[in-house]
Amino acid sequence: MTARLTRVRRSGQVLALGGLVAAAGCAPSMTLQQEAELGQQYAAEINRELPIVQDAQVSSYVNELGTSIVNRVDQRGLRYTFYVVNSEAVNAFAVPGGYIYVNRGLIERATNASEFAGVLAHEIAHVVERHSAEQLQRAQNANLMASVVYGVLLGREPSGVEQVGLQVGGSAYFASYSRSAEREADMEAVDYLVRSGYHPGGLTTFFRKLLDERERRPAAVEQWFSTHPLTEDRITEVEQRIAQVPSSSLRNLRRDTDAYQQFRRRVSQLSPPPR
Ligand code: ZN
């Protein structure tokens with residue numbers, strides 16, 4: 001597949017990938033290889049736009065943890081790549097083809113390994129279940145892409161000073177799933193965590209933390225809530241799923257690891273996010 005990236009300039013801003021989406025829209029159904037190629041091109045654009053953390057220790061930890069989950073749940077031969085984004089906004093998102101991004105602000109709030117593994121497992125499930133590949137196929141042209149991105153992120157067309165907002169616009173598109181896709185990713189994540197040796201309770205403790213923070217400091221977690229419809233119901237459903245896991249299986253699952261705490265310390269020492 002030779003989808004070419006096109007750039008649409010508006011108000012001095014760059015919005016990429018119209019051509020990519022248009023190309024995807026023509027295909028009746030995307031093969032895994034097409035999905036991987038599209039994902040790779042999209043990831044290359046995102047990596048140019050977002051402040052990706054280059055620290056070797058940080059990227060090796062997130063890739064080792066992520067890959068250890070992937071190896072137990074995805075046998076299709078996709079090669080996943082995990083990135084940490086130097087942004088205070090709480091967010092995580094998955095691009096088709098196995099490119100997964102987690103913001104620094106999320107890592108600061110995920111205080112133990114099972115919470116962080118829970119977020120990765122949820123994003124991996126979006127890739128395994130091809131939620132974002134399906135979204136790409138539904139998008140028929142660049143204008144739709146642009147309106148979805150601006151709509152999700154800003155609720156309107158961007159002004160000249162919204163560079164930072166636009167940088168995360170593409171990610172907002174991929175992180176914005178239907179309620180049923182979110183539920184499916186949660187249910188899968190519980191299963192993935194058990195198979196990977198992490199306690200799935202990390203998902204619910206993390207979600208609750210975000211709900212609590214929304215009460216106190218809504219701006220800090222706004223991006224997460226705009227792209228991940230998170231409600232008390234959703235947490236209850238995850239709890240119900242966990243209740244179906246035999247307690248003999250839950251007993252030996254990890255809540256935390258030294259490696260995660262080292263990773264988190266390292267992230268906290270990174271230079272401040274760019275303004
Ligand atoms: Zn999700």
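Buried residues, meaning those under 20% relative accessible area (1.4 Å probe, protein chains only), make up 55% of the 275 residues in the protein chain. The model is predicted, so local features need pLDDT of at least 70 and side-chain atom pairs count only at pLDDT 80 or more, while totals for chains, interfaces and linings use all residues. Residues are numbered from 1 along each chain as its sequence is written, and side-chain values use heavy atoms, with hydrogens and water left out. The chain has 15 helices and 5 strands; these are DSSP runs numbered from the N terminus, with helices being H or I of at least four residues and strands E of at least two. Of the contacts (heavy atoms within 4.5 Å) between residues at least 6 apart in sequence, 72% join residues at least 24 apart.

- His-122 and His-126 are separated by about one helical turn because they lie 4 residues apart in helix α5.
- His-122 is buried at a relative accessible area of 3%, and His-126 is buried at 0%.

**Helix α13**

- Helix α13 covers residues 232-243, which is 12 residues.
- From first C-alpha to last, α13 reaches 16 Å, close to the 16 Å expected at 1.5 Å a residue; the expected span is 1.5 Å times one less than the number of residues.
- Arg-234, Ile-235, Glu-237, Val-238 and Ile-242 are buried in α13.
- These residues are on the same side of α13 because they cover an arc of only 160° around the axis, taken from the directions from the helix axis to the C-beta atoms.
- The buried residues of α13 pack against α5 (113-128), α10 (179-196), α11 (201-216) and α14 (247-251).
- Asp-233 and Ala-243 are exposed (over 50% relative accessible area) on the face of α13 turned away from its buried side.

- Ser-114 is in helix α5 and is buried, with a relative accessible area of 1%.
- The side chain of Ser-114 makes a polar contact with the side chain of Asn-112 at 2.8 Å.
- A polar contact is a pair of N or O atoms within 3.5 Å; within protein, one must be able to donate a hydrogen and the other to accept it, and residues adjacent in sequence count only if both atoms are side-chain atoms.
- Not counting residues up to four places away in sequence, Ser-114 touches Tyr-198, His-199, Gly-202, Leu-203, Arg-254 and Arg-255.
- Thr-257 is in the loop between α14 and α15 (258-268) and is buried at 15% relative accessible area.
- The C-alpha atoms of Thr-257 and Asn-112 are separated by 7.5 Å, although the residues are 145 apart along the chain.
- The side chain of Thr-257 reaches the backbone nitrogen of Tyr-260 at 3.0 Å.
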